[in-house]
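Please read them with the coordinates open.

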Amino acid sequence: MAKRLVGKVALVTGASSGIGEATAIAVAEEGARVAVTARRRDRLEKLAETLAGLGAEPLVLEADLLDETEAQRVVRETEMHYGRLDVLVNNAGVMYLEPVAEADLGRWRRMLELNVLSLIASTQAALAGMTARGDGHIVNVSSTAGRIANPNAAAYSATKFGVVAFSEALRREVYRHGIRVTVIEPGVVETELRDHIGHAATRDALNAWADSMRQLQSRDVAEAIAFCVTRPPHVNINELLMRPTDQER
């Protein structure tokens, strides 16, 4: 089968593990040149070896995307290095779960900044080049928590509902420029994300629930993203909601 992203450049945020790492590999397998960014440079360098083996001419960009200027810098450096950016996958994020009454507001503020404001900043930086070329694809990773709000996930759901709303508003602003926008909403995925939860009781309950089912794997979500970004230019998968077969809500 012909590779469908030959000549394209992708930037994947939060690429040091999980969905981001798997997505970088998936789009490289489709022929894209791939820039990857995260805080853990050692993980990115290891991933870059895999990407190089796929012919992806990888660019490693160590960055802390909590800083919106860093979120914009990695976009600019990708464009400077390759001369363009065709696919931006906004995957970086954290999940802090705890009851509202016990919430660490500093932790929640960081989650809002990374999950929402950083995503907006990197998107904003990518729009000028995509608009000038009349082509581009922005993929924002949300969650089923952006569809259903559960106890102990108030702020996390607020960020993911926000990503869904931002993505739809963005799509309606940029479609006339040939730019596509997709929001991906996975259910339970077996990644490091749950390790971020500082509230022990909530973390233990969530892990027990997750362990009761056949969880999605990072590659499952990556393949869904690759499917969306390899559609013909006249096709925009606006929203893709996916859960493990065993997940009810």
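This is a predicted model: local features need pLDDT of at least 70, side-chain atom pairs count only at pLDDT 80 or more; totals for chains, interfaces and linings use all residues.

1. Pocket volume and centre. The largest pocket holds about 1200 Å³ of space. Its lining comprises 49 residues. Nearest the centre are V94, M95, Y156, L193 and H196.

2. Of the lining residues of the largest pocket, 24 are nonpolar. Another 17 are polar, and eight are charged.

3. Helices in the lining. Four helices each give at least two residues to the lining of the largest pocket: α1 (18–29), α4 (105–133), α5 (154–174) and α6 (200–211). The largest share, four residues, is from α6.

4. Helix α6, length. Does the span of α6 agree or disagree with its residue count? It agrees: 12 residues at 1.5 Å a residue should span 16 Å, and the end C-alpha atoms of α6 are 16 Å apart. The expected span uses one less than the number of residues.

5. Helix α6, sides. Which residues of α6 are buried? They are T202, L206 and A210. These three cover an arc of only 65° around the axis, so they sit on the same side of α6. The face turned away from that buried side carries A201, A208 and D211, which are exposed.

6. Residue T13. Strand β1 (residues 9–13) contains T13. Is T13 buried or exposed? Its relative accessible area is 3%. Buried means under 20%, so T13 counts as buried. A polar atom of the T13 side chain lies 2.9 Å from the backbone nitrogen of N91.

Terms used: Residues are numbered from 1 along each chain as its sequence is written. Side-chain values use heavy atoms; hydrogens and water are left out. On a 1 Å grid over the protein atoms alone, a cavity is a set of points where a 1.4 Å probe fits but cannot get out, and a pocket is an open set with protein on both sides within 12 Å along at least five of seven lines; lining residues have an atom within 4 Å of a point. Grid points are joined across faces, edges and corners, and a volume is the space filled by probe spheres set on the points. Ala, Val, Leu, Ile, Met, Phe, Trp, Tyr, Cys and Pro count as nonpolar, Asp, Glu, Lys and Arg as charged, and the others, Gly among them, as polar. Buried means under 20% relative accessible area, exposed over 50%, partly exposed in between (1.4 Å probe, protein chains only). The arc is that of the directions from the helix axis to the C-beta atoms. A polar contact is a pair of N or O atoms within 3.5 Å; within protein, one must be able to donate a hydrogen and the other to accept it, and residues adjacent in sequence count only if both atoms are side-chain atoms.
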